[in-house]
Amino acid sequence: MKYRKLGASGLEISEISLGSWMTVGGSIEDATSAELVRRAFDLGVNFFDTANAYNAGKAEEILGKELAQFKRSSVVVATKTFWDLESGPNLLGLSRKHIMESCDASLKRLNMDYVDLFQCHRYDPTTPLLETLRALDDLQSAGKILYAGVSQWSAAEILEARRLARKHNLRPLISDQPVYNLLNRGQEKEVMPACDEVGMGWVIYSPLAQGLLTGKYANGKLPKGSRAADEKRGQWLKALLTPENLKKTKGLAELARSLTLSSSQLALAWALSKKTVASAITGATSVSQLEENAKASDITLSAKTLTELESLFPL
């Protein structure tokens, strides 16, 4: 496993990381979650991503329990806030009150004294950005979080956050967590240049387009037990199963075979070829999936292959 600095910070994270959305505390058994966390660590994965809203808090609880077997300094734990487990006034968004209380609740579920990366799950247009940034800075001063980042913010929001941080002498945001994959490259147009400008690295989610880029749906069918076949988990993926996308995934599979790689490995290696990307957050429901994905960290694609992929999946 290789490691990269996250943005302009000194934090080093594994190129392949393990996420917990819809899996840990959700679609897989707790015993499987435990096995995945242990195997990920053995493979060199040190970055584990979760969120307070994942599976009603269960993802944080289970992940915290399993990570407790490792030395705290050997893992990098990331969680998020914006939504909450309940609804009501001050239980949504990025107000100081919600950020502070949400962080404390996440630490309790994780059973940790601090999280390495605390992320704003979305942008909150109803709260002054300076209020949000001050709250994040105060959490860092208190030692409850080491770094702060965002997810799915626009270029304008990212640039304004950096301007305010500099003006008010606040610690800068170090990362963005965008959805990014061969089928979803829109973030390259504005967000990627903005992050490069201010020194924010990417920890991308859905690098395999929720499984579409694994090739398992190339024939247009929904394999039994797959995410797309699941009534609850497959709602987003089904929208991606268009004839055009299926044609592209077939091309990906053919190119991967010519390189003696799996479609997943090729798609992940492409994402990691981008200098802005520090880590690709992968979800796994089996150890074999995890092991296959982890191998992408050892793959360096040729200029010819990158050109072929850019042609097959144009921006």
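Predicted model: local features only at pLDDT ≥ 70, side-chain atom pairs only at ≥ 80, totals over all residues.

With which residue does Asp 116 form a salt bridge? The partner is Arg 72, and the closest N and O atoms of the two are 2.9 Å apart.

- Asp 49 forms a salt bridge with Lys 80, in which the closest N and O atoms are 2.7 Å apart.
- This pair also links distant parts of the chain, with Asp 49 in strand β4 (residues 47-49) and Lys 80 in strand β5 (residues 76-81), 31 residues apart.
- Asp 49 is buried, with a relative accessible area of 2%, and Lys 80 counts as buried too, at 0% relative accessibility.

**A salt bridge within a helix, and a network**

- The side chains of Lys 97 and Glu 101 meet in a salt bridge with an N to O distance of 2.7 Å.
- Because Lys 97 and Glu 101 are four residues apart in helix α4 (residues 96-110), about one helical turn separates them.
- Lys 97 is partly exposed, with a relative accessible area of 42%, and Glu 101 likewise counts as partly exposed, at 41% relative accessibility.
- A network of salt bridges links Arg 185, Glu 188, Lys 274 and Glu 310.

**Helix packing**

- Helix α9 (residues 243-258) and helix α10 (residues 263-272) have axes that come within 8 Å and cross at roughly 95°, which means that α9 is roughly perpendicular to α10.
- On the α9 side this contact is made by Leu 252, Ala 253, Leu 255 and Ala 256, and on the α10 side by Ser 263, Leu 266 and Ala 267.
- By class, the residues of the contact of α9 with α10 divide into six nonpolar, one polar and no charged.
- Helix α2 (residues 30-42) packs with helix α11 (residues 287-294) at an angle of about 25°, their axes being 10 Å apart, so α2 and α11 are roughly parallel to each other.
- The crossing of α2 and α11 is right-handed, and in it Glu 35, Leu 36, Arg 39 and Ala 40 of α2 meet Val 287, Leu 290 and Glu 291 of α11.
- The contact of α2 with α11 has four nonpolar, no polar and three charged residues.

**Residues with positive phi**

- Most residues other than glycine have a negative phi.
- Ser 206, although not a glycine, has a positive phi of about 55°, and Ser 206 is found in the loop between β9 (201-204) and α8 (235-238).
- Thr 260 is not a glycine either, yet has a positive phi of about 60°, and Thr 260 lies in the loop between α9 and α10.
- Ser 206 counts as buried, at 14% relative accessibility, whereas Thr 260 counts as exposed, at 72% relative accessibility.

Notes
Residues numbered from 1 in each chain as written. Heavy atoms only, no water. Axes fitted to C-alpha atoms, helices over the stretch in contact; angles between N-to-C directions. Helix = DSSP H or I, 4+ residues; strand = E, 2+ residues; numbered from the N terminus. Parallel < 35°, antiparallel > 145°, perpendicular 65-115°, else oblique. Contact = heavy atoms within 4.5 Å. Nonpolar A, V, L, I, M, F, W, Y, C, P; charged D, E, K, R; others polar. Buried < 20%, exposed > 50% of the residue type's maximum accessible area, 1.4 Å probe, protein only. Left-handed = near helix turned anticlockwise from the far one by under 90°. Salt bridge = Lys/Arg side-chain N within 4 Å of Asp/Glu carboxyl O.
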